Amino acid sequence: MRLTFRTTLIAIVGIAAFAFLLLTATGVVLTKRAALQLATIQTRYIPKVELEPQLNAQFDRIVRGFQDAVAIRDVEGLSTTNELKQRFLGELEAAGAAVDAADAEALRFAIEDYQTTAGDVSRRLIAGETGEALVDALTTMQSKQARVQSCINKAAALDRSELTHAFAAAAYAQSMARLYQGLISISCLAAVLTVSLLLSRSVLRSMAELTQGFERFGHGDFRQPILVKTRDELGEVAARANAMAANLERSDRERERAETALRLSNKELEAFSYSVAHDLRAPLRGINGLSKVLMEDYGDRLNDEARDYLDRIAAGAQRMGTLIDALLSLARVTRTELHRETVDVSRLAEAVVHQLRQNQPDRVVEFVNEPGVEAHADPALLRAVLENLLGNAWKFTGKRERAQIAFGWELMGSVQVYYVRDNGAGFDMAYAEKLFAPFQRLHTTVEFVGTGVGLATVQRIVDRHGGRIWADGVVGEGATFRFTLPSSAEDRIS
Amino acid sequence: MTNKPILLVEDNRDDELLTLRALKKNNILNEVVVARDGVEALDYLFGTGAYAGRDTSILPQVVLLDLNLPRIGGLDVLRRIRADERTKLLAVVVLTSSKEEEDIIRSYSLGANSFVRKPVEFDEFIEAVRTLGLFWLLLHESAPPVRKAP
């Protein structure tokens with residue numbers, strides 16, 4: 001059975017109710033017992049107190065009745081003594097249980113005996129008999145009178161010690177009633193208190209353990225479960241929290257495994273990149289260098305066509321070198337860690353354009369740079385973004401007489417959006433999605449040179465910053481690249 | 001210009017040829033000793049193995065050291081050069097295909113005097129060697145102190 005709080009509370013209330021019932025019942029029983037004791041006193045002792053003088057008085061009347069009848073020599077008068085005797089017996093009857101049955105029987109016998117003897121003696125006295133026989137009869141009558149007297153005394157005697165005992169028993173019964181009631185109420189109170197105390201102690205202990213456990217879980221330490229073994233609601237809370245912690249720990253372990261796997265594969269990738277960087281470039285150097293050597297040493301012996309072939313060989317090798325570099329930098333963007341800081345993007349853009357101008361001093365390009373634009377980003381990676389976007393703008397405005405490039409930012413809703421705009425070759429919006437895929441080019445190498453990896457690199461960098469990049473363009477009119485660099489999670493756009 | 005030899009540590013025959021040509025084109029006419037791997041380079045420097053008995057007091061003017069070498073790699077060669085009293089002041093220029101930051105940092109931290117990336121484009125390569133030649137063979141004629149490259 002699960003000992004929930006509810007069942008515990010019900011138990012407490014039950015104990016209290018049981019205690020109340022027990023108290024009431026004991027009260028009733030004990031009070032009844034005391035009342036019974038008192039009733040016994042009432043029926044057995046109180047009637048006796050009155051009985052003795054009444055019986056004596058009645059007997060006196062009987063004796064006097066005989067004496068009166070003898071004195072006036074009235075035989076008829078003797079019959080009244082019979083009524084008096086009947087009344088005497090009636091009174092004895094009325095005393096009931098107060099008189100011991102044997103005593104009552106003895107008294108009845110004695111009074112009848114006396115009545116007979118006294119009647120006989122009285123009649124002989126009225127008849128005027130005298131003599132020895134009569135004196136004997138009178139003596140017999142007197143002894144019978146004494147016998148009645150003693151029987152009355154015996155029957156109606158009030159045993160003082162018995163009465164004291166009865167009163168003591170009644171008092172004892174009443175004090176026992178009080179004692180039992182006291183004991184029961186104290187023990188029930190103790191039981192209720194004990195159960196409540198045990199409950200509150202177990203609850204407090206469970207709560208302390210739960211608090212500590214939740215604190216541990218809060219710090220990400222899921223190894224030690226919460227040790228609440230009670231089978232109440234708190235125990236259930238603990239069990240659920242433990243299950244949750246076990247799940248979290250499992251997913252932690254899984255994540256660690258995945259991270260380890262990722263680290264390993266990153267390491268492999270790094271080794272691969274390293275090998276690509278060194279081993280793929282060496283033969284290209286050979287191809288390019290030796291074709292140059294060939295050209296230098298034997299160029300004068302070759303015709304134009306052969307020289308063109310040699311140039312193409314050298315250019316092809318060089319182009320492949322550039323491609324390898326671009327691929328390596330794309331791979332590096334994914335591998336390296338982000339080190340965000342506040343970057344003056346305007347200054348960075350200015351530096352990139354300055355570099356572009358130095359590389360092609362003969363180009364005339366108007367660059368509109370919005371000053372003081374800042375971002376919270378990795379400076380090296382952000383530089384790569386600008387090098388690619390501004391480099392593209394520079395490249396694709398190559399055929400414009402008045403090339404214009406602009407960098408700045410604008411608000412879209414509440415999101416800060418950076419843009420690089422040019423009035424160059426532009427692109428067909430139908431291919432806008434393809435722009436950012438690696439090796440996707442919308443122009444031939446004859447039109448514009450490029451690796452097809454630049455925008456893929458840019459997109460990865462923006463991705464890693466939690467941002468988004470998109471482009472608008474019109475063929476022959478120019479292109480605008482917009483990107484976001486959320487500084488924190490709350491202004492990240494989906 | 002001194003007559004001390006240049007030690008070129010290079011396993012790739014094409015790179016060797018191109019490097020020699022680039023040196024020649026830059027009028028660097030010092031004798032060039034070519035070691036094909038790290039072991040050969042160390043043998044030459046310390047007069048062991050195939051170079052047993054060589055007068056090791058004649059140290060090269062400069063060591064042009066490739067990083068990807070058979071047997072003992074370039075970085076290990078550099079570490080041993082810097083660990084030995086006789087060669088710790090020797091000028092070492094790391095010549096390599098990669099521009100991986102890791103290589104550059106490790107080369108400098110092991111005491112390389114300079115780091116030159118071998119470009120695919122031959123003309124750039126000649127230019128790089130020219131810069132090297134001017135710097136190490138003309139401006140620092142005497143045994144150069146161990147210092148980082150400018």
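**Close-up views of a predicted two-chain model**

**View 1. The contact between chain B and chain A.** In this predicted model, 15 residues of chain B are in contact with 16 residues of chain A (contact: C-beta atoms, placed from the backbone, within 7 Å). On the side of chain B that touches chain A, α1 and α5 (122-139) of chain B each supply at least two residues. The most comes from α1(B), with 4 residues. By type, the residues of this side divide into 4 nonpolar, 4 polar and 7 charged; Ala, Val, Leu, Ile, Met, Phe, Trp, Tyr, Cys and Pro count as nonpolar, Asp, Glu, Lys and Arg as charged, and the others, Gly among them, as polar. Residues are numbered from 1 along each chain as its sequence is written, and chains are lettered from A in the order in which they are written. Local features need pLDDT of at least 70 and side-chain atom pairs count only at pLDDT 80 or more, while totals for chains, interfaces and linings use all residues.

**View 2. The fold of chain B.** Chain B has 5 helices and 5 strands, which are DSSP runs numbered from the N terminus (helices: H or I, at least four residues; strands: E, at least two). Along the sequence they follow the pattern β-α-β-α-β-α-β-α-β-α. Of the 150 residues in chain B, 41% are buried (20 or more other C-beta atoms within 10 Å of the residue's own, these atoms being placed from the backbone). Among contacts in chain B with a separation of 6 or more, 68% join residues 24 or more positions apart.

**View 3. The parallel sheet of chain B.** The 5 strands form an open sheet in the order β2-β1-β3-β4-β5, with parallel pairing (strands pair if DSSP finds at least two bridges between them). Because β2 (32-35) and β5 (114-117) of chain B stand at the edges with a single partner strand each, one side of each is left without a neighbour in the sheet. Neighbouring strands are turned by 20° against each other on average, direction ignored. Strand β1 (residues 6-9) of chain B is joined to β2(B) by 4 bridges, and Val9(B) has Ala35(B) as its bridge partner in β2(B). Helix α1 (residues 13-25) of chain B packs on the sheet, touching β1, β2 and β3 (62-66) of chain B, and its direction makes about 165° with that of β2(B). Axes are lines fitted to C-alpha atoms, for helices over the stretch in contact, and angles run from 0 to 180 degrees between N-to-C directions.

**View 4. Helix α4 of chain A.** Helix α4 (residues 132-156) of chain A has 25 residues and spans 36 Å from first to last C-alpha, close to the 36 Å expected (1.5 Å times one less than the number of residues). Its buried residues are Met141(A), Val148(A), Cys151(A), Ile152(A), Ala155(A) and Ala156(A). Their cover includes α1 (5-71) and α3 (101-126) of chain A.

**View 5. Antiparallel strands around β7 of chain A.** Strand β7 (residues 478-483) of chain A runs antiparallel to β5 (residues 415-422) of chain A, joined by 5 bridges. Tyr419(A) has Arg482(A) as its bridge partner in β7(A). Strand β6 (residues 469-474) of chain A is also antiparallel to β7(A), with 6 bridges, and Ala471(A) is partnered by Phe481(A). The hairpin of β6(A) and β7(A) has 3 residues between the strands, and Gly476(A) takes a positive phi near 85° there.

**View 6. Confidence in chain A.** Chain A averages a pLDDT of 83, with 95% of the residues scoring at least 70 (pLDDT: the predictor's confidence in each residue, from 0 to 100). Over residues 489-494 of chain A, pLDDT stays under 50, and the model has 7 contacts beyond four places in sequence for them. Where pLDDT is low, the predicted coordinates should not be read in detail.

Technical notes:
Buried ≥ 20, exposed ≤ 12 C-beta atoms within 10 Å, placed from the backbone. Contact = placed C-beta atoms within 7 Å.
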